[in-house]
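Thanks for coming, everyone. Let me put the structure up, and then we'll walk through it.

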Amino acid sequence: MEKINRKGLLVIISAPSGAGKSTLISLLKRDFPKFEFSISYTTREPRVGEIHGRDYFFVSKKEFIKLKKENFFAEWAEVHGNYYGTPKEAVLKALKQGKDLLFDIDVQGAMQIKQNLNKGIFIFIFPPSLEELKRRLEKRNTDSPETINIRLANAKKEIQEANIFDYWIINDKLEAAYLQLKSIIIAEKLRPCFFPDLPKKILEQT
Ligand SMILES: Nc1nc2c(ncn2[C@@H]2O[C@H](COP(=O)(O)OP(=O)(O)O)[C@@H](O)[C@H]2O)c(=O)[nH]1
Ligand SMILES: Nc1ncnc2c1ncn2[C@@H]1O[C@H](COP(=O)(O)OP(=O)(O)O)[C@@H](O)[C@H]1O
């Protein structure tokens with residue numbers, strides 16, 4: 001059958017810091033290699049092992065504010081004391097090419113995408129408890145105790161914003177959480193709106 005015209009899926013994943021977004025997204029990238037991942041700009045310092053242009057575009061606060069003034073971002077927010085933003089160009093390009101695009105952004109950013117683009121599927125990942133969240137942040141050992149406290153305080157606020165999301169997953173046992181996430185993606189990709197000319201193609205098929 002000749003190529004079927006399809007639209008791109010925007011998948012927005014948010015969660016409190018330490019809940020397991022990056023872990024779950026790395027599994028999605030493994031199983032859905034055609035997914036594009038929206039690489040954000042941030043003023044946060046790189047963590048050990050993070051690569052500029054792969055994990056984030058790491059920029060100065062001055063550079064970030066300049067980009068913001070140039071209307072460079074599809075959305076941006078101050079999160080845990082650093083700036084983060086999604087480059088508009090990448091979103092428009094993926095939408096135009098019918099590519100699936102994955103976002104790892106905070107609840108403020110998710111709200112902006114929902115309002116500005118009025119499309120996308122919004123998935124919120126809960127930790128099983130704040131106690132477990134603290135344990136995971138400490139075990140991950142990527143942030144100072146002060147930063148962990150800031151992130152834990154923000155987690156309470158972020159959890160209260162979860163109502164704007166379409167799907168909720170509790171990341172307790174990783175395998176179970178990932179199975180739920182994968183099932184959501186597969187089901188959403190089967191929605192008719194992503195294959196508008198399928199009926200015509202089937203009827204033309206000899
Ligand atoms: N609004 C917005 N939030 C972002 C963006 N990129 C990352 N974030 C969020 O910023 C928060 C902190 O991310 P990070 O510093 O990588 O820490 P992590 O949550 O522990 O992985 C997380 O909630 C991310 O989802 C972005 O482009 N826009
Ligand atoms: N279901 C889980 N059970 C136990 N530990 C987990 C689980 N999911 C993630 N982790 C661990 O918790 C820490 C935070 O996960 P991470 O994916 O970095 O979270 P986020 O990207 O939301 O900040 C990491 O050390 C990760 O290995």
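**Salt bridges and a ligand site**

There are 17 salt bridges in this structure. A salt bridge here is a side-chain nitrogen of Lys or Arg within 4 Å of a carboxyl oxygen of Asp or Glu. Take Lys-99 and Glu-36: their closest N and O atoms are 3.7 Å apart. Lys-99 is in the loop between α3 (88-97) and β7 (101-104), and Glu-36 is in strand β2 (residues 36-37), so the pair ties together parts 63 residues apart in sequence. Helices (H or I, at least four residues) and strands (E, at least two) are DSSP runs, numbered from the N terminus.

A word on the source. This is a predicted model: local features need pLDDT of at least 70, side-chain atom pairs count only at pLDDT 80 or more, and totals for chains, interfaces and linings use all residues. Residues are numbered from 1 along each chain as its sequence is written, chains are lettered from A and ligands numbered from 1 in the order in which they are written, and side-chain values use heavy atoms, with hydrogens and water left out.

Now ligand 2. Which residues are closest to ligand 2? Gly-18, Ser-22, Thr-23, Arg-140 and Asp-172, out of 13 that surround it. To count, a residue needs a heavy atom within 4 Å.

Next, polar contacts with the ligand, meaning pairs of N or O atoms within 3.5 Å. A polar backbone atom of Gly-18 is 2.7 Å from a ligand 2 oxygen. Arg-136 brings a polar side-chain atom to 3.2 Å from a ligand 2 nitrogen. For Arg-140, a polar side-chain atom is 2.8 Å from a ligand 2 oxygen. The elements giving two or more residues to the shell around ligand 2 are α1 (21-31) and α5 (130-140). The largest share, 3 residues, comes from α1.

Terms used. A polar contact is a pair of N or O atoms within 3.5 Å; within protein, one must be able to donate a hydrogen and the other to accept it, and residues adjacent in sequence count only if both atoms are side-chain atoms.
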